[in-house]
Amino acid sequence: MTPPTYQYTDLPDASVVTTRALLTARDNIHDTIHARAMMCIYGGAGFGKTLAVNTCLNELDPHEPLHRITFRARPTARAVRYELFAALDLPGEPPHRPSEFDRLLKNELAREPRTLLVDEAQWLNSEAFEYFRYLWDEPTTKLAIIFVGGEGTHTVLRREPMLASRIFIWQHFTRLTPTEVRDVIPLFHPIWADADPDTITYADQHAAHGNFRAWAQITAHARVALERTGRPVVDREVLRWAFSRLGA
């Protein structure tokens with residue numbers, strides 16, 4: 001599994017599984033890019049948003065320029081300009097005047113169709129969101145923008161009517177249902193392939209709770225337990241040892 005598509009932990013032999021949410025994201029991202037529109041993918045931490053988006057974007061036409069931007073704090077419009085300058089790999093020094101900076105970015109974004117992935121979008125404030133809208137609204141730019149963030153992303157965006165009204169697709173990522181857990185987890189990693197379905201349900205009820213990141217952590221610890229004990233399959237004793245490491 002490659003780093004761009006799997007961000008939970010270094011977990012040998014893990015596979016990307018096509019959950020219902022991932023399949024929906026694939027269609028939504030394709031349609032958003034085709035329409036040169038904006039979409040918002042949001043949901044709780046560990047629900048698989050970034051994994052799904054990265055997996056889908058890796059399947060894009062290789063001729064489609066993709067630029068990833070991640071914010072870790074609430075950026076100003078000035079900070080967004082500088083992040084875009086870096087993401088677009090523009091030559092020279094950034095302009096000092098905002099009007100010149102804006103002209104440079106709009107001219108660059110008008111050169112060819114592009115997709116912007118804005119991750120951790122829950123950190124964006126009104127000023128930053130408005131700047132992305134300003135660039136997207138420019139008639140000459142050929143932008144598709146995918147905002148990905150936590151639950152707060154939806155709330156913040158909805159407070160900006162001018163931007164919210166331009167969001168083409170909203171997709172909410174939620175926890176895996178118990179049925180999805182039973183269907184998906186045996187495909188996620190070989191240690192679950194022969195596990196009793198009740199053992200998988202037990203792990204989900206006591207520690208994972210439908211959260212893919214939690215499943216990755218449990219899998220990593222359970223894999224170690226199998227190697228150290230020589231047990232052939234995950235059972236409740238193995239799980240209790242894994243849970244003890246997780247504080248569950």
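Guide: Start with the contacts. Of those in the protein with a separation of 6 or more, 72% join residues 24 or more positions apart. Contact here means heavy atoms within 4.5 Å. Some ground rules come next. This is a predicted model, in which local features need pLDDT of at least 70 and side-chain atom pairs count only at pLDDT 80 or more, while totals for chains, interfaces and linings use all residues. Residues are numbered from 1 along each chain as its sequence is written, and side-chain values use heavy atoms, leaving out hydrogens and water.

The protein has 11 helices and five strands. These are DSSP runs numbered from the N terminus: helices are H or I with at least four residues, strands E with at least two. The C-alpha trace spans about 65 × 35 × 30 Å along its principal axes. Of the 248 residues, 49% are buried. Buried means under 20% relative accessible area, exposed means over 50%, and partly exposed lies in between (1.4 Å probe, protein chains only).

Here is the core itself. A nonpolar core is a set of buried Ala, Val, Leu, Ile, Met, Phe, Trp, Tyr and Cys residues joined through side-chain atoms within 4.5 Å. The largest one holds 30 residues. Leu84, Leu105, Leu124, Phe132, Ile145 and Phe147 touch the most other members. Two or more residues each come from β1 (38-43), α3 (77-87), α4 (98-109), β3 (114-119), α5 (126-137), β4 (143-149) and α6 (151-158). Helix α5 gives the largest share, five residues.

Zoom in on Phe132. Which residues is Phe132 in contact with, leaving aside its neighbours within four places in sequence? They are Phe71, Val80, Leu84, Leu116, Val118, Leu124, Ile145 and Phe147.

A salt bridge puts a side-chain nitrogen of Lys or Arg within 4 Å of a carboxyl oxygen of Asp or Glu. Glu130 is partly exposed, at 30% relative accessible area. Arg133 is buried, at 10%.

The structure holds 16 salt bridges. Glu59 and Arg26 make one of them (3.1 Å, N to O). Glu59 is in the loop between α2 and β2 and Arg26 is in helix α1, so this pair ties together parts 33 residues apart in sequence. Both are partly exposed: Glu59 has a relative accessible area of 45% and Arg26 one of 27%. Asp198 and Arg182 form another (3.2 Å, N to O). Asp198 belongs to helix α9 (residues 197-208) and Arg182 to helix α8, so parts 16 residues apart in sequence are tied together. Salt bridges also link Glu108, Arg111, Glu112 and Arg114 in a network.

Last, the pockets. On a 1 Å grid over the protein atoms alone, a pocket is an open set of points where a 1.4 Å probe fits, with protein on both sides within 12 Å along at least five of seven lines; lining residues have an atom within 4 Å of a point. Points are joined across faces, edges and corners, and volume is the space filled by probe spheres set on them. The largest pocket has about 290 Å³ of space. Its lining has 22 residues, with Thr50, Asp119, Glu120, Val148 and Arg213 nearest the centre. Helix α2 gives the largest share, three residues. By class, this lining has five nonpolar, 11 polar and six charged residues. Ala, Val, Leu, Ile, Met, Phe, Trp, Tyr, Cys and Pro count as nonpolar, Asp, Glu, Lys and Arg as charged, and the others, Gly among them, as polar.

The second largest pocket has about 240 Å³ of space. Of its 21 lining residues, Thr19, Ala21, Leu22, Phe47 and Phe173 lie nearest the centre. Two or more residues each come from α1 (20-35), α2, β5 (167-173) and α8 (178-188). Helix α1 gives the largest share, four. This lining has 11 nonpolar, seven polar and three charged residues.
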